[in-house]
Amino acid sequence: MSLSLDPLRPYADLTRWAAGLLLALLVLAFGYRWGGSHWRGEYQAEVQARAAENAKHAATLQQLAAGTAAVAAKARAASEKLAQSRHENDTRYQKALNDANRAERDLAVALRRGSVQLRPEWACGSPGAGAGGAAGIARGQDAAAELRWAGATHLVAGGDRADAWIGWLQRELIDTRRAVVAAGCAIEVPDR
């Protein structure tokens with residue numbers, strides 16, 4: 001009995017196995033290559049999207065920084081202008097106080113000289129010389145006149161000082177409002 005064995009038969013199975021393995025390796029290699037290029041594209045798209053988003057955020061931050069610097073400059077300028085106007089208001093107020101004090105002194109001198117007379121409601125009539133004690137009454141009248149003159153001068157000076165104070169307050173209020181508006185912290189609404 002002769003067995004005839006095909007000498008290539010064992011190699012045929014091996015060849016089929018090798019071809020299957022080669023085919024599996026090729027599918028795996030092409031799949032890996034295709035998957036790698038696909039995911040590389042996805043990764044690059046994600047990197048580009050992130051870069052664009054980061055650039056947009058950087059531009060927004062730059063705009064905010066520029067806006068903040070502009071507002072700070074406006075506020076600084078408004079504050080400096082307010083300090084200057086406050087100094088001018090203080091100087092004007094001090095001058096008005098000095099003028100009021102000088103006017104008080106000048107009025108007192110004018111009243112004593114007789115170049116200025118008190119209005120009748122401020123001046124009490126002096127009684128004529130009566131029987132006995134005319135000199136005492138005159139001395140009393142002089143003292144009362146001095147008191148009336150002092151009261152009148154203080155009253156006039158007090159009014160001048162009050163006017164100076166009210167003027168200073170009004171200018172401070174107006175200048176402060178203008179500074180707040182100039183700094184961008186408020187807006188002015190026109191009257192309707």
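Modeller: The model is a predicted one. Side chains of opposite charge can pair when their charged atoms come close. A search of the whole structure finds 6 salt bridges.

One of them joins the side chains of glutamate 53 and arginine 50, with an N to O distance of 3.7 Å. These two residues both lie in helix H1, 3 residues apart, which is about one turn of the helix. Glutamate 53 is partly exposed, because its relative accessibility is 37%; arginine 50 is likewise partly exposed, at 45%. A network of salt bridges links Glu46, Arg50 and Glu53.

Another salt bridge pairs arginine 86 with glutamate 172, their closest N and O atoms lying 2.8 Å apart. This pair links distant parts of the chain, since arginine 86 belongs to helix H1 and glutamate 172 to helix H2 (residues 134-182), 86 residues apart. Arginine 86 is partly exposed at 35%, whereas glutamate 172 is buried at 7%.

Glutamate 104 and arginine 161 also form a salt bridge, with 3.0 Å between the closest N and O atoms. Here too distant parts of the chain are linked: glutamate 104 is in helix H1 and arginine 161 in helix H2, 57 residues apart. Glutamate 104 is buried, with a relative accessible area of 14%, while arginine 161 is partly exposed at 29%.

Serine 85 lies in helix H1, which spans residues 9-113. Its relative accessibility is 13%, so serine 85 counts as buried. A polar atom of the serine 85 side chain lies 3.0 Å from the backbone oxygen of leucine 82.

Definitions and conventions: Residues are numbered from 1 along each chain as its sequence is written. This is a predicted model: local features need pLDDT of at least 70, side-chain atom pairs count only at pLDDT 80 or more; totals for chains, interfaces and linings use all residues. Side-chain values use heavy atoms; hydrogens and water are left out. Helices (H or I, at least four residues) and strands (E, at least two) are DSSP runs, numbered from the N terminus. Buried means under 20% relative accessible area, exposed over 50%, partly exposed in between (1.4 Å probe, protein chains only). A polar contact is a pair of N or O atoms within 3.5 Å; within protein, one must be able to donate a hydrogen and the other to accept it, and residues adjacent in sequence count only if both atoms are side-chain atoms. A salt bridge is a side-chain nitrogen of Lys or Arg within 4 Å of a carboxyl oxygen of Asp or Glu.
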